[in-house]
Amino acid sequence: MTNTPVIGVLALQGDVREHLIALAAADAVARPIRRPEELAEVDALVIPGGESTTMSKLAVLFGMLEPLRERVAAGMPVYGTCAGMIMLADKLLDGREDQETLGGIDMIVRRNAFGRQNESFEAKIDFAGIAGGPVEGVFIRAPWVESVGAAAEVLATYDGHTVAVRQGNVLATSFHPELTGDDRVHAYFVDMVRAGL
């Protein structure tokens, strides 16, 4: 089996192109995913930032919600940024009543916790397991993690709030590393995927 993982980026909505570029820079084969048959052909998946309620509705519309849940439950490696973190939460605060999540990480996530669009900011984040100093985090209407279960590991915090979490094969960040030109978080995820090939 090849050691170059094929990683899909859920291309229903959000900053898909930036993730494709960051994954390619981290030595993965990256491709956009919109349909269940495309999902079946990848080793792992990135769920990008965007608007989490829109993303959950589009996942239902495109017939992707149940196939995504099944692959996550079966242990497929997944990395979610911002809205992707919301999609990977077992529980959600401040979500819409009809909002669906995939689950995957035993955490409670609060939507838009860091404020509205005009309160977006960048910050240096100390990220456990990533060498070379802090990573640059771009926070855009970002969530934070209110609490995690025993199986989840907190990898980074900002201003007292959890902003990066890993549980087994599933990784989530509140921030957007794909917008910074620093590919270390994507390389960390690619290494996670490669370890399971």
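D159 counts as exposed, at 64% relative accessibility. Here buried means under 20% relative accessible area, exposed over 50%, and partly exposed in between (1.4 Å probe, protein chains only). D159 sits in the loop between β10 (153-158) and β11 (161-167). Helices (H or I, at least four residues) and strands (E, at least two) are DSSP runs, numbered from the N terminus. The structure is a predicted model: local features need pLDDT of at least 70, side-chain atom pairs count only at pLDDT 80 or more, and totals for chains, interfaces and linings use all residues. Residues are numbered from 1 along each chain as its sequence is written, and side-chain values use heavy atoms, with hydrogens and water left out.

The backbone of D159 has a phi near 55 degrees, a positive value in a residue other than glycine. Most residues other than glycine have a negative phi. R141 also has a positive phi, of about 45 degrees, although it is not a glycine. R141 is placed in the loop between β8 (135-139) and β9 (144-148). With 29% relative accessibility, R141 counts as partly exposed.

UniProt positions are given in the numbering used here, feature names are shortened, and annotations may be inferred rather than shown by experiment.

The pocket search ran on a 1 Å grid over the protein atoms alone. A pocket is an open set of points where a 1.4 Å probe fits, with protein on both sides within 12 Å along at least five of seven lines; lining residues have an atom within 4 Å of a point. The largest pocket holds about 200 Å³ of space. Grid points are joined across faces, edges and corners, and the volume is the space filled by probe spheres set on the points. Its lining has 15 residues, of which G50, E51, C82, I140 and R141 lie nearest the centre. By class, 5 lining residues are nonpolar, 6 polar and 4 charged. Ala, Val, Leu, Ile, Met, Phe, Trp, Tyr, Cys and Pro count as nonpolar, Asp, Glu, Lys and Arg as charged, and the others, Gly among them, as polar.

Contact means heavy atoms within 4.5 Å. Not counting residues up to four places away in sequence, R141 touches E51, C82, N112, G115, R116, Q117 and S120. S52 lies in helix α3 (residues 52-61). S52 is buried, at a relative accessible area of 2%. Leaving aside neighbours within four places in sequence, S52 is in contact with A83, I86, M87, Q99 and R111.

The UniProt annotation "active site", from an unreviewed entry, covers C82, H176 and E178. These residues span 97 residues in sequence, yet no two of their C-alpha atoms are more than 11.1 Å apart, so they gather at one spot. Of these residues, the lining of the largest pocket includes C82 and H176.

C82 lies in the loop between β4 (78-81) and α5 (83-87). C82 is buried, with a relative accessible area of 3%. Beyond neighbours within four places in sequence, the contacts of C82 include I140, R141, T173 and H176.

E178 is found in the loop between β12 and α6 (184-195). E178 is buried too, at a relative accessible area of 7%. Its side chain makes a polar contact with the side chain of H19 (3.4 Å). A polar contact is a pair of N or O atoms within 3.5 Å; within protein, one must be able to donate a hydrogen and the other to accept it, and residues adjacent in sequence count only if both atoms are side-chain atoms. Not counting residues up to four places away in sequence, E178 touches D15, E18, H19, T81 and H186.

T173 belongs to strand β12 (residues 170-173). At 0% relative accessibility, T173 counts as buried. A polar contact of 2.8 Å joins its side chain to that of Y79. A polar atom of the T173 side chain also lies 3.0 Å from the backbone oxygen of F175.
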